[in-house]
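User: Could you take a close look at one strand residue for me, and then at what else stands out around the fold? I'd like the cut-offs spelled out as you go.

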Amino acid sequence: MPDRHLLREVFPTPARSSLSLGFEIIELDAKAMTTRVRFNGSEDFTNPAGYIQGGFLVAMMDDTIGMLTTVKAGTSKYPSTVDLHTHFLRPVRVGPIEVAARLRNVGRAMVFAEADLFDSRGKEAARATASLTLNPAKAPAKTPKS
Amino acid sequence: MVFDPVAFFGNEKNAPPVARLLGWQLLEFDQDKFWIKIGFEPKPEFLNPAGFVQGGMLIAMLDDTVGPAVIVASRGQSYTTTIDLHAHFLRPVKLGSIVTEGMVTRLGKTVAFTEGKLFDSEGRLCVRATSSASIGPVPGGIK
């Protein structure tokens, strides 16, 4: 995994959301714009059926896509997720979870990304597509007063 | 048996670990309008590197809003398994109390279509989601 050092340059300390999800990098290839990340599907994330609640699966895919986009965009730009669409293919039990993500299109202002989530037996359990906007790091997007 | 959402969601047996983690709380509901309002208390552990609540955590809250909306709309007869969820992130969310609203657009025999909105502590609309879910009997029946 040649690009592990990039992760430390971009994220000197991991985000708290990553820590609570058990984020652990397995592979990172900045040139191919692909990555694999392992997460911990904790008991705390389970729904009434005893499976990992869908939103937490989305959180894992969002965390992976956000990390990969930040590595690609560098420290001068900051990605914000604009939209994210997830299909839930099968329920996920407590245990290790793996997310594979790739950037499909990288523009100056927008990034389009995809992620697949695999359960502890390696079966594909969720799939997401997302778009992200790249904000200048020192001037975050303005929002109108409501 | 008349379905009482306050008793149902107030029952500890019906509160999954994820509800405790997110600080889930039933605020309001209207069984005839298929509508529900939920409060959440995000933790500092949910923050992304920018210091905002991570988007997936916001989706977890919306997923935990539209699911209960189906339980309310079906008067406790149906439990959901989310098929898909599409979220638009309108603005970032700072740490603070969150309010969500969930509405069942159509309650079919096997699939429910829902919409959710998430508001930050200042009442600003921050996330919108549309979702579909397959529906089935509540596991173990209504308690």
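Analyst: Happy to! Let's start with A:Thr81, which is found in strand β3 (residues 77–88) of chain A; helices (H or I, at least four residues) and strands (E, at least two) are DSSP runs, numbered from the N terminus. This is a predicted model, where local features need pLDDT of at least 70, side-chain atom pairs count only at pLDDT 80 or more, and totals for chains, interfaces and linings use all residues. Residues are numbered from 1 along each chain as its sequence is written, chains are lettered from A and ligands numbered from 1 in the order in which they are written, and side-chain values use heavy atoms, leaving out hydrogens and water.

A:Thr81 counts as buried because its relative accessibility is 18% (buried means under 20% relative accessible area, exposed over 50%, partly exposed in between, with a 1.4 Å probe and protein chains only). Leaving out residues up to four places away in sequence, A:Thr81 touches A:Asp62, A:Ser131, A:Leu132 and, from the other chain letter, B:Phe89; contact means heavy atoms within 4.5 Å. With A:Asp62 there is also a side-chain to side-chain polar contact of 3.0 Å (a pair of N or O atoms within 3.5 Å; within protein, one must be able to donate a hydrogen and the other to accept it, and residues adjacent in sequence count only if both atoms are side-chain atoms).

Elsewhere in chain A, strands β1 (residues 24–29) and β2 (residues 34–41) run antiparallel, joined by five bridges; strands pair if DSSP finds at least two bridges between them. A:Glu24 stands opposite A:Arg38 in β2(A).
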